[in-house]
Amino acid sequence: MAPTFYHDDPKWSNIKPIPQNDTARPLAAIAYTDEYSEAMSYLRAVMAKNEYSHRVLGLTDHIISMNPAHYTIWLYRFKVLSELHADLREEIAWLNVTALKHLKNYQIWHHRQTVIDKLGSPEGEADFIATMLQQDTKNYHVWSYRQFLVQRFGLFDDEGELKWTEGMIEEDVRNNSAWNHRYFLVFGGKGEQTADKAIVERELNYAKAAIKKAPQNQSSWNYLRGVVRRNKLPTSTLKDFALEFADIEKPDDVTSSYALDTLADIYTEYQSKREEAKKALDLLATRYDPVRAHYWNYRKRLLE
Amino acid sequence: MAGQTSVPAPSSRLQEIVSDSNRIEELSDTDNEYADEYEDVGTVVDQHEAANMAYINSMISPIRDSLETETSITQDETLAVVLPFLEGNPNDFLLNTFGLPKLQREKHAAFLHQALGDYPAQMAAMDAARPWLVYWSLQGLTALGYDISDMRDRIVETFLPSQHPDGGYGGGHGQLPHLAATYAAVLSLVMAGGTTAYESVNRKSMWHYLGRMKQVDGGFTMAPGGEEDIRGAFCALVVMSLLNIPLDLPPDAPARAHGMTTFLDKLGEWVSRCQTFEGGISAAPGNEAHGAYAFCGLGCLSIMGPPTETLNKYFDMPLLLHWLSSRQCSPEGGYNGRTNKLVDGCYSHWVGSCWPLVEAAVGKEVSNRSALARYILSAAQHKKGGLIDKPGKRADAYHTCYNLAGLSAAQHKNVYDEATAPDIGKSELGAPFGWKVDGLFEGERVWGDEDFVEEVHPIFVIPYQAAEDCRRYFEAKEGF
Ligand SMILES: [Zn+2]
């Protein structure tokens, strides 16, 4: 594609570009192409006079195509869209194409968030996100954006959203982002409010079933422990379950270090079980999780 | 910080590990500078290799699930790439007395000097991140023990055009002010030091800019109309503490209309809401716990007051400790940023440097510093200089800076000294100046005397002296 210039474009003849005024020997200077450099000079000029117009919208398109990581352009673009009362559906359609070209870009997600927020409808967003997550199942920005949608449009108790999240966990039971999203869906909208007993039960069973598939998976254990803690159940609720994977009486047969960790916490809750707690922590420090020996020993010292 | 950088989001790396042909190219790169030496010490090398393998075996957990998923597959592939570097010495580096590669000081310094130089047009994507490139490189150089004072004037000049007329710094001339750029610019200027550098910052307009970033829920946005996340809270407080910016919100701060009067209003509560059910800290309430955001959260609270008080007040510390220690990958020894993610050298700092702050609050040493240092020396040094995410990756200033900061935090004992803190002058956010280095780490050492990195301030991530000089300068100054 031939480079685009503005200096000989009559539509831009009333703009006096402002060139980048770097000093003589700047550090980490970039040898911009003439095209990028000129476009930025025109941008500085229109920003200086707060111009919000269709030609500026086109200018931001152009610069984004050369450097999508330019937060200034995105922020200014949104202002232009707002001032022009532009069709935000069109903007989303444009973003869908642009996002796929720049998968790793952060700014694009914040821009999308502000546009959808203003548009006031999450229609089509779930599908788009699903496409993006197919490329990168743990992308932090995509998941954070999904949490924004849930919050903004009150999808906490949405069946479809929960089903979709389950599908993501089904695909990879170790995808921690999916577990975090599930927790957000189930408990994130409740604040301090207590959850229904049936829901707590459902979540405990869900996490337990996942642990049975892969006992040495910290995501599902963290979830299980999180549900117990959030709902103020005693850790000992999990004793029988944890014993299925670890028993200090059978130190050779531990199939989950997280079960051992859970048992250590349970025994710690009882003054009379201090020795058992120490034994569990010893097994972790010396055998089942030696890289964290300092941490397990620290926990042991707390018992003394 | 996962900010305005070209660093890919951690998860997108999965793909690269598997498919990046650069990896093959770089790993098979065999221009062997130390070939002769290597042959001479061949038997010694074998002994070291045996010792390393024994160590690695002692760190591997014997439990392994049979169920395969995308996560376990990429994890296995990563380990296969990293392991040869932990056991042997594929880069043919000279070894220290512990049988691990020496810190390649000169090579890393040369890499960072180059990172401060000119970039070709294809690097236009870094146009908004130039303050970061400068900060990472300068911090890396000082960590390696290099004097940067000969660059002082250039540093000051570099940031003149990026200071916004309405306050704060952008990525460059004409760019909107952004807290990440502001953070990197201010730290660079503080490292440069001296009246010209200090006075180049317009503190009054900075105060107004920060006032516009303060949100009614207690947090900070990164830019006007930008995202609100925990980086904002941390970056704002770092800048305020170093420049001795008033704690009262400026009269034109929008948050004032909602009854707020100071920058700290509801801030502790907001940061507290970022702690997740896993115990770690997320970018914003509801998001997933993440190592880089954990450092921002802990740093922010440690600026608000002594960590002994603020961390215990706003965080569930036992849960945080549990999550933080879980970040150490086994057997790699380096850290990952989230549960079930891959080891990455930049978390040597983001997670590794959380430890001094957390240990100050709980009063105990809990982390495994030797395992981390092994990862940094063996697996995170690029053959040609600069440090990296993991073997097969290209070096960049970001990973160089943060691997070195993590190594420094492992080698030195950074302690919060209650006794020094109270007589710190008028600074309203004076707590970060209560830190000092109390000698060297006394546990199992894997670095030689020539592998030491300089002391790094645990919250500001610049040399201690640079922070101290800056504090004194602005404390002595009346008004803006
Ligand atoms: Zn990294």
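Along the sequence, the donor residues of the zinc ion follow the spacing D-x1-C-x52-H, where donors are N, O and S atoms within 2.8 Å of the metal (3.2 Å for Na, K and Ca), and water is not among the atoms, so sites may look incomplete. B:D344 sits in the loop between α16 (317-326) and α17 (347-350) of chain B, while B:H399 belongs to helix α20 (residues 397-411) of that chain, so the pair ties together parts that are 55 residues apart in sequence. Helices are DSSP runs of H or I with at least four residues, numbered from the N terminus. This is a predicted model, in which local features need pLDDT of at least 70 and side-chain atom pairs pLDDT 80 or more, whereas totals for chains, interfaces and linings use all residues. Residues are numbered from 1 along each chain as its sequence is written, chains are lettered from A and ligands numbered from 1 in the order in which they are written, and side-chain values use heavy atoms, without hydrogens and water.

Both B:D344 and B:H399 are buried, that is, under 20% relative accessible area with a 1.4 Å probe, protein chains only.

| Domain of chain A | Residues |
|---|---|
| domain 1 | 1-86 |
| domain 2 | 88-154 |
| domain 3 | 240-304 |

Between chain A and chain B, 72 residues of chain A are in contact (heavy atoms within 4.5 Å) with 88 residues of chain B.

How values were computed: Helix = DSSP H or I, 4+ residues; strand = E, 2+ residues; numbered from the N terminus. Buried < 20%, exposed > 50% of the residue type's maximum accessible area, 1.4 Å probe, protein only. Domains from an automatic or database assignment.
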